[in-house]
Amino acid sequence: MIEELLMAAAGAGAAVAVYAGVAARVVKQYERGVVFRFGRLRDEVRTPGFTMIVPGVDRLHKVNMQIVTMPVPAQEGITRDNVTVRVDAVVYFKVVDAAEALVRVEDYKFAVSQMAQTSLRSIIGKSDLDDLLSNREKLNQGLELMLDSPAIGWGVQIDRVEIKDVSLPETMKRSMARQAEADRERRARVINADAELQASKKLAEAAQAMSGQPAALQLRLLQTVVAVAAEKNSTLVLPFPVELLRFLERATPGPEGRGAVAAQGQGQEATPPPISSAYLKGAADAAAGVEPVEDLTGASVEPAPREEGAG
């Protein structure tokens, strides 16, 4: 009798162990368990840890609640300004309702992928090329809103959408390079013109300051000579302005210069130097007559007769 009881207890324990082994399930920390009993969804979602189901009656589906990183294949489209581009992106999403993700859509990952591709094509057609290249934050937000609206009904939340790369045709790249080069050249010319304007104003101020002191012009000339001589050139070209000659002529102590200075000191006007007789004789000969000049046909051209009283 005792042996039969022991055998029955052993059999019951073995049956319980087998049942526990079949019915026992472990849900990980980043998962949620959804139970279907005879194909009907149970309201209770199994939390992480150890759980039990009825073998042959219940079926447990584990749903990953981690953020999924899904690359969107490159989509080729035409922008609003008629430029053919190729754009790829990446989508970050996660499941917020495990039961809805299993019941509402057959494969939520595939659904999100297809929806991201169509939304990316729509964004390309609505945007300009400049927006795709420089204003990506706004496009990312618009793409995220387009994906998040239908995904909420699937128990999926779009965490972030990023446009990775924009590929342009080679002809467009060359055109943009020429445009950028022309813009840089335009800015360089404007800067040079502005520099010339500022330099001209400074030179005008310097010339005005030097006009009051003629010796400053001589000092500036000597500084230029020193700067050129520092380069150790074999040939030195020295510009000699006429103003400097006049300054040296006035500064030379001669009889005429002393007389002019004395006359100015006494308040009298300085008399101009006398005109030489050679100069007067040459002027008289030039006014007296002109030799006839033959034209190209061989005929002589007589000068016009002088009017009476002409000097």
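**View 1. Salt bridges in the predicted model.** The structure contains nine salt bridges, a salt bridge being a side-chain nitrogen of Lys or Arg within 4 Å of a carboxyl oxygen of Asp or Glu. This is a predicted model, in which local features need pLDDT of at least 70 and side-chain atom pairs count only at pLDDT 80 or more, while totals for chains, interfaces and linings use all residues. Residues are numbered from 1 along each chain as its sequence is written, and side-chain values use heavy atoms, with hydrogens and water left out.

**View 2. The salt bridge of Arg37 and Asp58**. The closest N and O atoms of Arg37 and Asp58 are 2.6 Å apart. This pair links distant parts of the chain, with Arg37 in strand 2 (residues 31-37) and Asp58 in strand 5 (residues 58-64), 21 residues apart. Helices (H or I, at least four residues) and strands (E, at least two) are DSSP runs, numbered from the N terminus. Arg37 is partly exposed, at 27% relative accessible area, whereas Asp58 is buried, at 9%. Buried denotes under 20% relative accessible area, exposed over 50%, and partly exposed in between (1.4 Å probe, protein chains only).

**View 3. The salt bridge of Glu162 and Arg160**. Between Glu162 and Arg160, the closest N and O atoms lie 2.6 Å apart. Arg160 is partly exposed, with 42% relative accessibility.

**View 4. Salt bridge of Lys173 and Glu170**. Their closest N and O atoms are 3.8 Å apart. Lys173 and Glu170 are separated by about one helical turn, because they stand three residues apart in helix 6 (residues 170-212). Lys173 is partly exposed, at 43% relative accessibility.

**View 5. A network of salt bridges**. The residues linked in this network are Asp183, Arg186 and Arg187.
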